[in-house]
Amino acid sequence: MSAAEHWQVQGREAELYERHLVPAVTALWATDLVERTGVRPGERVLDVACGTGVVTRAALERVGSEGSVRGLDINPAMLAVARAKSPGVDFVRGSALMLPFDDAAFDIVLCQLGLQFFPNRAAALAQMRRVLTGDGRLGLSVYGPIEDNPGTLALAQALDHHLGTGASQTKRAEHVLAYATLVDKLVRDAGFRDITITTETKLVRFASTAEWVSIQLTATPLASLLAERLGRPGVTERITASVVEALARYEVDGALEFPQEAHVVVARAA
């Protein structure tokens, strides 16, 4: 299994992800995605790769009592947190490559920061189009180049330096769809039309660089994938020191504030 195929967390990691990364990072992008896709009252929405449900919750606020939102993810730990946060929502465990829903079952399909991890992106997009109505809308986002995301770049370089080449594979996999032209081709080849791609930058903020590194090493797949190496004496401290040095220019009044770039796609089913 390659790092680009699955972005998986286990057990406690999902709870920490919801507690620390959702409010600081993914909630910002969730609001943006729902607004750009134009989710309206009464619509039927599917959130693919829903994780702990931040996009699901944002969409639910928009559709109201006349609409509906369902979430799908392959990760049981993430779904457990999502269900606890939104007990009235139908969260389904399943693969984006074979969506367990009828044709034309939804007015909108959303997928935030998930497409890059699917082992067959073309198949996933074809499935999203299949479950959309004829005039249904797709809204998805993917991170831009790692070079334009300084926090991720600094951490990736520190991991490779202190743990060996390849240790950063999972972090770098977040950026495999870095270029808007590549994303446009994938969406267009899947049969979508009226495609618009907006490259957006948001500032994410944490109390300190050390806190951000700690969250990355405990609330993401790195916690499980690198557990043995991170457990060696002094390793975490050395990684943290390297990232602190690399991100010194992004410290603001003692806190960490750095730009994060993503491509946000809105399209219609043909």
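Me: Is Phe106 buried or exposed?

Reply: The model is predicted: local features need pLDDT of at least 70, side-chain atom pairs count only at pLDDT 80 or more, and totals for chains, interfaces and linings use all residues. Residues are numbered from 1 along each chain as its sequence is written, and side-chain values use heavy atoms, with hydrogens and water left out. A relative accessible area under 20% means buried, over 50% exposed, and in between partly exposed (1.4 Å probe, protein chains only). Phe106 has 3% relative accessibility, so this residue counts as buried.

Me: What kind of pair do the rings of Phe101 and Phe106 form?

Reply: Rings of Phe, Tyr and Trp (its six-membered ring) pair if their centres lie within 6.5 Å; planes under 30 degrees apart are stacked, over 60 edge-to-face, and the rest tilted. The whole structure has two aromatic pairs. In Phe101 and Phe106, the centres are 5.2 Å apart and the planes stand at 90 degrees, so the pair is edge-to-face.

Me: How many residues apart in sequence are the parts tied together by Trp212 and Phe258?

Reply: Trp212 and Phe258 are also an edge-to-face pair, with 5.4 Å between centres and 75 degrees between planes. Helices (H or I, at least four residues) and strands (E, at least two) are DSSP runs, numbered from the N terminus. Trp212 is in helix α8 and Phe258 in strand β8, so the parts tied together are apart by 46 residues.
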